[in-house]
Amino acid sequence: MEDYEKKDRQLENLENLVENYTRTQRHLEQYSEIGNPENRENARKVQKVREAEIKTLENQIKGENTRISPEEHLENVKEKYNITITLRNMSEYLKRWGMTCQRPKKKAYAQEKKKVDTFLHETYPSLVKKAKQEDAIIFWGDETGINNQSYSVTGFAPKGQTPTIASYSKVEKINMICAISNQGTCHFLCYEHTMTQQYFIDFMKRLVKDTDRKVLLIVDNLKVHHGKIVTTWLSEHKEEIELFFISPYSPERNPEEYLNHSLKQNIHSGILPHTKEQIRKKTEDFMQGLQKQKEKVSCFFQHKKLEYIQIYGY
């Protein structure tokens, strides 16, 4: 294993040396008649050192004394790794490889694949079975915050005249807890204070009251959800509602997260709300619209990260 790692390091060093050699050689050829002669001479000395280092590394890797020119080595790297390292910059490399500039997805560092797989292939299927046996309904819950700061907008203006938009330095924020079902029903509650165990219980009471079947509520691992007061209350109402937890650090597996994303896009589009009252009004208008259109809520379950819900159904 150590031999393979050593060879990988040698190949990486060789690739970097050849890339630097090629770039410097191209500059010497292009600017041979201009620039400081002393600098050009120093560059040529550096090139000779690089040539010797390239030859040494190649011999170490191949285990023989035959000399391979830098040009031949570039062809070998291209053939073995499908990488053309003579391009001028990394952007050109990536374009030649068929890649595009993209915003990376985020994944929690602490997420454990084993726990995620257990939830996807054991916990949720057993939950679906339980819901069918007890004629219960599965809800997905989550809390989110909405403020007046995140605002990204583009528009047209005369060339060279960047438009200006007024911004507010005072942060105004409200919170919302929401629960959605696989069938497209949606329940929400806006609040301004920090989520507490008692407030979470109040929301569950409303959810039970508005639902004519037993509720199986899936939430994340927020500390409030595991509180003693919540646990005690649930034990007294287990015929009406039960609480289950999604795998830790796995928001992409919760369809309610996609509703939150859609909500914030709506809040931060058009005229930006500045006060808490304006944020609440825009939030409630959006959520009340969803409550009247179950098909839109159902769309949040179509994300490829939620295929497991489609597979097991309910």
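Trainee: What makes Cys-178 count as buried?

Mentor: Its relative accessibility is 0%. Buried means under 20%, so Cys-178 qualifies. Keep in mind that this is a predicted model.

Trainee: Is Cys-190 buried or exposed?

Mentor: Buried. Its relative accessible area is 8%, and the limit is under 20%.

Trainee: Now charges. Why is the contact between Lys-214 and Glu-134 called a salt bridge?

Mentor: The closest N and O atoms are 2.8 Å apart. The rule asks for within 4 Å, so the pair passes. The structure holds 11 salt bridges.

Trainee: What does the pair of Lys-214 and Glu-134 tie together?

Mentor: Parts that are 80 residues apart in sequence. Lys-214 sits in the loop between α6 and β4, while Glu-134 belongs to helix α5.

Trainee: How do you class the accessibility of Lys-214 and of Glu-134?

Mentor: Lys-214 has 13%. That is under 20%, so Lys-214 is buried. Glu-134 has 34%. This value falls between 20% and 50%, so Glu-134 is partly exposed.

Trainee: What makes Arg-280 and Glu-284 a salt bridge?

Mentor: N to O comes to 3.6 Å. The limit is 4 Å, so the pair counts. Both residues lie in helix α9 (residues 276–291), 4 residues apart, which is about one helical turn. Arg-280 is partly exposed at 25%, and Glu-284 is partly exposed at 23%.

Trainee: How do you know that Asp-285 and Lys-281 form a salt bridge?

Mentor: By the same test. The N to O distance is 2.7 Å, and the rule is within 4 Å. These two are also in helix α9, 4 residues apart.

Trainee: Why is Lys-281 called partly exposed?

Mentor: Lys-281 has 48% relative accessibility. Exposed means over 50%, so Lys-281 stays partly exposed. Asp-285, at 39%, is partly exposed as well.

Notes:
Residues are numbered from 1 along each chain as its sequence is written. This is a predicted model: local features need pLDDT of at least 70, side-chain atom pairs count only at pLDDT 80 or more; totals for chains, interfaces and linings use all residues. Side-chain values use heavy atoms; hydrogens and water are left out. A salt bridge is a side-chain nitrogen of Lys or Arg within 4 Å of a carboxyl oxygen of Asp or Glu. Buried means under 20% relative accessible area, exposed over 50%, partly exposed in between (1.4 Å probe, protein chains only).
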